[in-house]
Amino acid sequence: MSIAVTILGNSSAKPTAKGHPSAQVVNINEQLFLVDAGEGVQRRMAQCGISPLKLRAVFISHLHGDHVFGLFPLLSTLGLYGRRTPLKIYAPRPFGEILEAHLRFFDKDLPYTPEWVEVDTTKHQIIFENDTTEVWSLPLRHRIPTAGYLFRQKEPPLNVSKFAIERYSLSLAQIVAAKRGEDIEQNGEIIPNDRITYRPYPPLAYAYCSDTNYSARLATMVEGVDLLYHEATYEAAERKTAKERGHSTTADAANVAAKAGVGRLLIGHFSSRYRDLEPLLNEAREIFPQSDIAREGETFVLEEKREKQ
């Protein structure tokens, strides 16, 4: 059980010779999710050895081109590859109108169905859920409706300690009951569940925060996550420009990470004016030492820490 984040693009709107606009693939227990889809995303996936046919869903933060222009060629290519299962696309309004126009003019005969799921950018709520994973929306503060996404593993089932099984001579039925969270009655004595069970590992969490002004509220929503991606379009000295354009500085990103007590911070969405990113990283590290650059092509892996019993 792990979470791996592959950075496909970390640049902002203006094209550069080497950088690519926002896009990431989040791998949770071999479930692949595309987060934002800047121009050229399908080519970047190929370069990073990621099959688009394995995508479970797509999450679009907002409808600025550098976060969505690459999605429509990808939808066409998936048809050429023979995808048959529906593909859910989570995005703010009015993405449905844009998708409908694209399908009408370019992809009316796809062998699968792209399904738009509207994201309410004003609410922090679960928008995707299965047996092992949940995804929460994160309201952000940009010039247009924008949402970040919090990917979280669900709590694993309880395990029963081998020591407890031997000490109390637990039967199979009692072990099954303990795994359900029940206390065990034995010889007139009640054995509390927490004395004989344990969680095999703490669930991991990753938060993706694209274009946004600094938000103290956001820090509370991503509190304690293992890995936080937060845009840092500008250096700290450009605070006024960042605020006017609905973006963050290196200091803003680092302050959110520090306030939230996250395990590690990745900064990205850099303005094209910066050719050397090290000064930006140094600024973030002055506030939050566990900061790194979300370098394109790199994969950041979170491994679970299993408890020994």
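Author: Let us start with one pair. The side chains of Glu129 and Lys154 meet in a salt bridge, at 2.8 Å from N to O. Glu129 lies in strand E7 (residues 126-129), and Lys154 sits in the loop between strand E9 (147-153) and strand E10 (159-160), so the pair ties together parts that are 25 residues apart in sequence. This is a predicted model: local features need pLDDT of at least 70, side-chain atom pairs count only at pLDDT 80 or more, and totals for chains, interfaces and linings use all residues. Residues are numbered from 1 along each chain as its sequence is written, and side-chain values use heavy atoms, with hydrogens and water left out.

Reader: What is a salt bridge?

Author: Side chains of opposite charge can pair when their charged atoms come close. The cut-off here is a side-chain nitrogen of Lys or Arg within 4 Å of a carboxyl oxygen of Asp or Glu. Strands (E, at least two residues) and helices (H or I, at least four) are DSSP runs, numbered from the N terminus.

Reader: How many salt bridges does the structure hold?

Author: The structure holds 10. Arg93 and Glu118 form one of them, at 2.9 Å from N to O. Their pair links distant parts of the chain: Arg93 is in the loop between E5 and H3, Glu118 is in strand E6 (residues 114-118), and they are 25 residues apart.

Reader: Is Arg93 buried or exposed?

Author: Buried means under 20% relative accessible area, exposed over 50%, and partly exposed in between (1.4 Å probe, protein chains only). Arg93 is exposed, at 56%. Glu118 is partly exposed, at 40%.

Reader: Which residue forms a salt bridge with Glu278?

Author: Arg295 does, with the closest N and O atoms 2.5 Å apart. Glu278 is in helix H10 (residues 278-287), while Arg295 is in the loop between strand E17 (291-293) and strand E18 (299-303), 17 residues apart. Salt bridges that share partners also join Arg264, Arg285 and Asp292 into one network.

Reader: Which residues are buried in helix H2?

Author: H2 spans residues 71-81, and its buried residues are Leu71, Phe72, Leu74, Leu75, Thr77, Leu78 and Gly79.

Reader: What covers the buried residues of H2?

Author: Look for contacts, meaning heavy atoms within 4.5 Å. The cover includes strand E3 (31-37), helix H1 (41-47), strand E4 (55-59), strand E5 (87-91) and helix H3 (95-105).

Reader: What follows H2?

Author: Gly82 does, and its phi is positive, near 90°.
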